[in-house]
Amino acid sequence: MQQLQAVLQEKELSAFTPAADQKACEMLLYVLRPKKERGEYIRKNISDTLPRSFPDQPPEVWILTDTEKLLNETLRISFKDPQRDIDAETESEKRLHESEI
């Protein structure tokens, strides 16, 4: 977690602003430790929007909608190389803003 905080503070992710209440958010940065089985994320219940977390899995940050669904398949920040993934996310954010203009 400290590594994530340091990387996020080092990079300016202008599209993201901390909020005190999840209900006030349009997007969420959610930390979990997902695991796949037969190519699918393991969920406690089939209706769960997010997979279960497992302590033996590396942490990931997922960028979610306000309904806790992954915004885009590419919006997962892995902790195998968080700096590379943050750099890629920063570029994705810039392209998203440019396409909105």
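**Strand pairing and a glutamate**

Mentor: β1 and β4 pair in the antiparallel sense, with six bridges between them. Keep in mind that this is a predicted model.

Trainee: In β4, which residue is the bridge partner of valine 31?
Mentor: Take the β1–β4 pair, which is antiparallel. Leucine 29 has isoleucine 63 as its bridge partner in β4. For valine 31, the bridge partner in β4 is valine 61.

Trainee: And in β5, which residue is the bridge partner of valine 61?
Mentor: β4 and β5 run antiparallel, joined by three bridges. Across that pairing, the partner of valine 61 is isoleucine 77.

Trainee: How many residues of β4 are buried?
Mentor: β4 covers residues 60–65 and includes glutamate 60. The strand is largely enclosed by the rest of the structure, because the buried residues number six of the six.

Trainee: How far from glutamate 60 is the nearest side chain of opposite charge?
Mentor: Glutamate 60 is buried and has no salt bridge. A salt bridge needs the charged atoms within 4 Å.

Trainee: Which side chain makes a polar contact with the side chain of glutamate 60?
Mentor: Glutamate 60 touches several residues, including Tyr30, Tyr41 and Arg76. Its side-chain polar contact, at 2.7 Å, is with tryptophan 62.

Key
Residues numbered from 1 in each chain as written. Predicted model: local features only at pLDDT ≥ 70, side-chain atom pairs only at ≥ 80, totals over all residues. Heavy atoms only, no water. Helix = DSSP H or I, 4+ residues; strand = E, 2+ residues; numbered from the N terminus. Buried < 20%, exposed > 50% of the residue type's maximum accessible area, 1.4 Å probe, protein only. Lys, Arg positive; Asp, Glu negative; His and termini not counted. Polar contact = N/O pair within 3.5 Å; in protein donor to acceptor, adjacent residues only side chain to side chain. Contact = heavy atoms within 4.5 Å. Pairing = 2+ DSSP bridges. Lists of a residue's contacts leave out its neighbours within four places in sequence.
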